Amino acid sequence: MVFSSLQFILIFMPVFFTIYYLVPNRYRNVVLLLGSLSFYAVGTYITPGHFVIFIVSMLVDYGLAMLMTKRPSGKKPFLIAGIVFHILALGFYKYFNFIINELAGAFPNADIGLPFTIILPIGISFYTFQGLSYLIDVYRGTVAAERSPLDFCVYISMFAQLIAGPIVNYSDVANELHHREIRRSNVLDGFGTFIFGMGLKVLLANPLGKLWTNSTNIGFESLSTPLAWMSIFAYSFQIYFDFFGYSLMAIGLGKMMGFNLPKNFDFPYLSTSMTEFWRRWHITLGSWFREYVYIPLGGSRRGTAKTIRNLFIVWLLTGIWHGAGYNFMIWGMMLFAIIAIEKYFIGDFLERHPVVGHLYMVFLIPLSWAVFEVGNTHQLGMLFKRLFPFFGQGFWSEFRYDYIKYLKMYWPFFVAAILLSTHLPFDLLERLKASTESAPRGRHLAVVPGEENIKPVCKVIILVILSAIFFGGLYCMYRGYDDPFLYFRF
């Protein structure tokens, strides 16, 4: 079950929130835990073992944290046990197939293989990092161990962020786990945020993803150079609005339940360097690596050589975290090299000349996402030959003007994607929202808008926009345009 599905929006949400709002405050964590476990159980009904692993993971984290609290002088072994448990579990499910397949390819006569395929549990990358952050924080003494198993399990399993983040530190929600208020304004704001995120996913990311899918089905060798560039721009917008849309939906659901989940995106496509981009993209993942890997290794405090070593480790782990495949390792190493070059050579220049920085990123972002997405190194090489025709492939394909056909089909989505990558539409919505929040009560909407009724007009505009997005999204889901979120794979 995904957020952008009729089952979730028309069945799960009404049932869950009706019960959640009707029960007294002291029972809401019980309802939230049961709802979250039901949500995850539906997603794992084909592989019930994944549900068991998830439960075991929560119980292990809770138990180890309590042991660290009871034995503060000997708590390090418990931390090590938790880290080993999570790394082994994540490593097995995420990389075992890849390792076995590589060994089978390297030793074809050794009869190495698996009689079955190991399926990656949904959300394991996210709840693993959340559990690790909790254990490390308890070990450091920055947070107290949660004594209530109910409240702890709610923290880990909250369905709003369980499957694909944002990665929430315990300190972010500790107070709200125990004391939170459900306010009508927050519920409405949260539902509006959820709808807007749904629109980004269903009405923008999914259609743009079709262009990338068509290009891969055609074959990169058969694309003209213009269509190849259109395709990687389409994928760049797809992965952004897919994940940004999910994050907004998660934050909206959190508000509806009384939680303030951290934001995960800050207009990354406005960045003037790759360094800035990764401060704005998947913010909670970047914060996790900085807090629990980069800084403990010494950060940038121990000289150039160790700083480069630390950056190398962080970006190698970032690539490996995203998936098992050489493309993810190449992507991580590519980002390491770019960020190291920016740090020591061109970063100051890009910051002083933002126009150059934006042009630099306009080409670098889609190229990096192409490396990220194309798992076959031969196909990746073919794609780059089409992107840069001076490698000998030629500018045109067998179908000389293939890009015109797709440009006619997708130009409205590209225009919308470019606008929604900027502050402009969001600033407009915030102004409308601010006007609505301060509107006087009891004012009636006149036929001709005037100064005295501009605020009700803003309220109507917001309602119309959100209604159009909501029902347009439902229609697309009804027609079967409810592709899974891309980050579910990671």
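## Second largest pocket

The second largest pocket is lined by 24 residues, and Thr275, Trp278, Arg279, Trp315 and Ile339 are those nearest its centre. Elements contributing two or more residues to this lining are α11 (274-280), α12 (283-294), α13 (304-322) and α14 (326-352). The space in this pocket is about 680 Å³. By class, its lining splits into 10 nonpolar, seven polar and seven charged residues.

This is a predicted model, in which local features need pLDDT of at least 70 and side-chain atom pairs count only at pLDDT 80 or more, while totals for chains, interfaces and linings use all residues. Residues are numbered from 1 along each chain as its sequence is written, and side-chain values use heavy atoms, with hydrogens and water left out.

A pocket is an open set of points on a 1 Å grid over the protein atoms alone, with protein on both sides within 12 Å along at least five of seven lines; a cavity is a set of points where a 1.4 Å probe fits but cannot get out, and lining residues have an atom within 4 Å of a point. Grid points are joined across faces, edges and corners, and a volume is the space filled by probe spheres set on the points. Ala, Val, Leu, Ile, Met, Phe, Trp, Tyr, Cys and Pro count as nonpolar, Asp, Glu, Lys and Arg as charged, and the others, Gly among them, as polar. Helices (H or I, at least four residues) and strands (E, at least two) are DSSP runs numbered from the N terminus.

## Cavity

The count is one cavity of 30 Å³ or more. The largest cavity has a volume of about 40 Å³. Its lining consists of Ile53, Ser57, Phe85, His86, Ala89, Ile124, Tyr127 and Thr128. At least two lining residues come from each of α3 (48-70), α4 (76-106) and α5. Five of the lining residues are nonpolar, three are polar and none is charged.

## Aromatic pairs and charges over rings

Phe126 and Trp321 form an edge-to-face pair, because their planes are at 80 degrees, with centres 5.3 Å apart. Phe126 lies in helix α5 (residues 124-140) and Trp321 in helix α13, so the pair ties together parts 195 residues apart in sequence. Phe126 is buried, with a relative accessible area of 2%, and Trp321 counts as buried at 2% relative accessibility.

Lys94 lies over the face of Trp321, 5.0 Å from the ring centre. The charged end of Lys343 sits over the ring of Tyr344, at 6.0 Å from its centre. The rule for such a charge is NZ of Lys or CZ of Arg within 6 Å of the ring centre and within 35 degrees of the ring normal.

Ser231 is in helix α10 (residues 225-257) and counts as buried at 1% relative accessibility. Leaving out residues up to four places away in sequence, Ser231 is in contact (heavy atoms within 4.5 Å) with Leu211, Trp212, Ser215 and Leu223.

Met249 also lies in helix α10 and counts as buried at 0% relative accessibility. With residues up to four places away in sequence again not counted, Met249 touches Phe3, Ser4, Thr193, Phe194, Gly197, Met198 and Phe485. The C-alpha atoms of Met249 and Leu297 are separated by 34 Å, and these residues are 48 residues apart along the chain.

Notes. Buried means under 20% relative accessible area, exposed over 50%, partly exposed in between (1.4 Å probe, protein chains only). Rings of Phe, Tyr and Trp (its six-membered ring) pair if their centres lie within 6.5 Å; planes under 30 degrees apart count as stacked, over 60 as edge-to-face and the rest as tilted.
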